[in-house]
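Welcome! Here is a short tour of one protein model, from a surface loop to a sheet and the spaces inside.

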Amino acid sequence: EACTTVQLNLKAKTGNCIIRPGQTSEILNFYSNQELEDYAHSFSNEVRGAVCYVKLALEHEGGTKVSKKISYQVLGREENGNSEKLWKLYLTDTKPYSLDLDYGLGNANVDLSGLAVSRLKINTGSANVNVSYDAGVENKVTMDTFFVKVDLGNLTVRQVNLSRSKYIVAEVSFGNMLLDFSEPPTVVPMIRGSVGAGNMVIILPDDTVPVKVTINDSWLCSMKLSRNLRKTGEYTYTNAAYNKNPKNAITFDLDVSMGKIVFKEKNR
């Protein structure tokens, strides 16, 4: 009861991890289909001042061998039925969270619908991660920073507008990322992104929403722009709504080296 905010750090090496809103006021409920002796884990919970710091690390007993990592990355699965290992975390909507989520292998589904998330950081190695607002309810507080990073995995963020984030940072090394901006935001974000050798797909809202895109590209990269974007500078692209009224525009500042960036229109 003493804490006013929650700093939750989760590190999951393997398995399927689900985060979603819970039905109680408890700041964390954790469930698994695994027995305690089947996996190594560490947990700490400490209240300092008005902040509750919760750290949870999950790892299959004995770790993950290199051969298993290669098998998962190449074949899309892991040996010994690891896909059946399930972790479920339920959060409350009565406290604001700062979430730091780190995934290794496997799959993760993060449903933030109706929660109060002031800051979000997601880092995925070779995992497939989906972030969504399944109930269609926006974030209860304005989010300061929405940070997502992909190494070899895949990350999809649906309904980014419901995050109410002021700053969005997206980084892709060799994996794939999809960012869904198809609906007009209530908090207009500034997006910074970088692509190494992977792929980034961005879904834009309809042409009534002002959009400005700046891309620092190289001759090794590939770009595909939606038909609504027109080149207005050496590295700048805007849509018709921005040219009429540049205020409250969604702004993208992107760097790409050897990868690919694709801008798609809503419903296309």
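Met258 sits in the loop that links β21 (250–256) to β22 (260–264); strands here are DSSP E runs of at least two residues, numbered from the N terminus. Together with Trp219 and Leu220, Met258 makes a nonpolar surface patch of about 420 Å².

This is a predicted model, where local features need pLDDT of at least 70, side-chain atom pairs count only at pLDDT 80 or more, and totals for chains, interfaces and linings use all residues. Residues are numbered from 1 along each chain as its sequence is written, and side-chain values use heavy atoms, leaving out hydrogens and water.

Now for the sheet. Ten strands form an open sheet with mixed pairing, in the order β3-β6-β2-β8-β10-β12-β14-β16-β22-β18. Its edge strands each have a single partner, so one side of each is left without a neighbour in the sheet:

| Edge strand | Residues |
|---|---|
| β3 | 29–32 |
| β18 | 222–224 |

Strands count as paired if DSSP finds at least two bridges between them. β12 (residues 154–157) and β14 (residues 176–180) run parallel, joined by four bridges. Thr156 has Leu178 in β14 as its bridge partner.

Terms used. Patch = residues over 30% accessible without salt bridge, like charges linked within 9 Å, V, L, I, M, F, W, Y side chains within 5 Å. Areas by Shrake-Rupley, 256 points an atom, 1.4 Å probe, with all protein chains shown as cover. Salt bridge = Lys/Arg side-chain N within 4 Å of Asp/Glu carboxyl O.
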